[in-house]
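Here are my notes on this model, as promised. Have it open while you read.

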Amino acid sequence: MGRGAVRNSVCKIICSVTMAVLAGANGAHASPWARPDGELLVISSAKYFQADLSSQDPAGGEFQRIESDTYLEYGLTENVTIGGKAIYGNTWLTSGGLTQTSNGFTEIEGFAQYQFLRDEKQAGSVKLSVARPAAFQSGARENFQSDSVDAEIAALYGRNIVFEPVKIFAAAEAGYRRRFGGAADLIRSQITIGTEPSEHWVFLLEGFSTISLRNEDPGGADFDIVKIQPSLVYRFNRRWAIQAGMNEEIAGRNLALGRTFFLGVWSAF
């Protein structure tokens with residue numbers, strides 16, 4: 001295989017896999033590699049989240065959430081990618097022998113991304129996102145909710161570390177999220193390390209952190225959280241893949257830590 005073919009193959013793998021994983025993990029998180037011009041990526045994910053509330057409530061209790069995410073990404077030009085997401089959830093909050101349920105859309109978000117750097121070994125992009133939380137509040141996890149429009153600017157960088165005998169790559173993202181309501185502004189970061197031992201399998205390990213700037217209005221949302229996420233991707237072909245994994249919240253402030261299990265299906269057209 002020639003050098004150009006290797007480059008194209010690796011970039012397609014990283015682009016597809018990384019976008020699928022990041023989108024499924026914690027909302028719309030694009031890859032540093034731009035979506036090919038004219039190509040549409042659709043990702044559908046199902047998630048189950050559970051948190052023990054005993055650390056925050058002496059009466060104990062449990063919070064559960066089943067969530068469906070739809071993520072879209074389109075290559076507008078060779079270097080410009082646009083996209084968005086919508087999240088719908090059902091929650092159960094059990095405390096003191098009583099169970100409260102609720103459901104609805106939690107957030108709708110759109111973004112535009114510009115790729116300013118790309119060669120055989122690396123890629124770099126900047127991304128602007130705008131999000132509007134829906135009226136639905138997520139019970140014990142309402143600390144996440146904003147009460148107005150959010151806007152975020154982020155920088156993304158990815159690098160192919162090794163091509164042979166197995167492919168290894170890494171990607172990082174850092175962003176500042178301005179929350180125009182009463183919620184605190186956020187600094188968000190993410191890192192992904194992946195390896196492809198064969199044509200069809202990809203293993204990934206990711207870390208996420210969201211840190212509050214603590215500039216909220218009285219009563220506004222204010223939280224910190226750190227997560228780790230191992231997952232496995234099986235790629236049927238270039239256009240279809242599935243991903244399964246879990247997300248463990250290992251540290252946080254002003255919220256009960258929990259664990260998420262997820263399954264995602266992505267397709268490119």
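Is N254 buried, partly exposed or exposed? At 37% relative accessibility, N254 counts as partly exposed, where buried means under 20% relative accessible area, exposed over 50%, and partly exposed in between (1.4 Å probe, protein chains only).

Two housekeeping remarks before the points. This is a predicted model, with local features needing pLDDT of at least 70 and side-chain atom pairs counting only at pLDDT 80 or more, while totals for chains, interfaces and linings use all residues. Residues are numbered from 1 along each chain as its sequence is written, and side-chain values use heavy atoms, with hydrogens and water left out.

1. The fold. You're looking at a closed barrel of 12 strands, running in order from β1 through to β12 with antiparallel pairing. On average, neighbouring strands of this sheet are turned by 20 degrees against each other, direction ignored. That angle comes from axes fitted as lines to C-alpha atoms (for helices, over the stretch in contact), with angles running from 0 to 180 degrees between N-to-C directions. Strands here are DSSP runs of E, at least two residues long, and numbered from the N terminus; two of them pair if DSSP finds at least two bridges between them.

2. β1 and β12 pair in the antiparallel sense over 11 bridges. Two examples to click on: Q50 has R259 of β12 as its bridge partner, and Y48 has F261 of β12.

3. G258. This glycine belongs to strand β12 and counts as buried, because its relative accessibility is 7%. K227 is 31 residues away from G258 in sequence, yet the C-alpha to C-alpha separation is 9.7 Å.

4. Cores. The largest nonpolar core has 12 residues, including Y71, F111, F169 and W266; β1 (40-52), β9 (201-212) and β12 (258-268) are the elements that give two or more residues to this core. Apart from it lies another core, of 6 residues, among them F49, A51, F63 and L93. A core here is a set of buried Ala, Val, Leu, Ile, Met, Phe, Trp, Tyr and Cys residues joined through side-chain atoms within 4.5 Å.

5. The greasy outside. A nonpolar surface patch, with about 850 Å² of accessible area together, includes L72, Y74, F236, W240 and F269. β2 (62-75) and β11 (240-253) each supply at least two of its residues. W240 is in β11 and counts as partly exposed, because its relative accessibility is 40%. Patch residues have over 30% relative accessible area and no salt bridge, with nonpolar side chains (Val, Leu, Ile, Met, Phe, Trp, Tyr) joined within 5 Å; a salt bridge puts a side-chain nitrogen of Lys or Arg within 4 Å of a carboxyl oxygen of Asp or Glu. Areas are Shrake-Rupley with a 1.4 Å probe.

6. Most residues other than glycine have a negative phi, and most peptide bonds are trans. E164 and P165 are joined by a cis peptide bond, with omega about 0 degrees, and P165 lies in the loop between β6 (150-162) and β7 (167-179). R214, in the loop between β9 and β10 (224-235), has a positive phi near 60 degrees. At 53% relative accessibility, R214 counts as exposed.

Methods:
Helices (H or I, at least four residues) and strands (E, at least two) are DSSP runs, numbered from the N terminus. Patches are made of residues with over 30% relative accessible area and no salt bridge: like charges are joined within 9 Å, nonpolar side chains (Val, Leu, Ile, Met, Phe, Trp, Tyr) within 5 Å.
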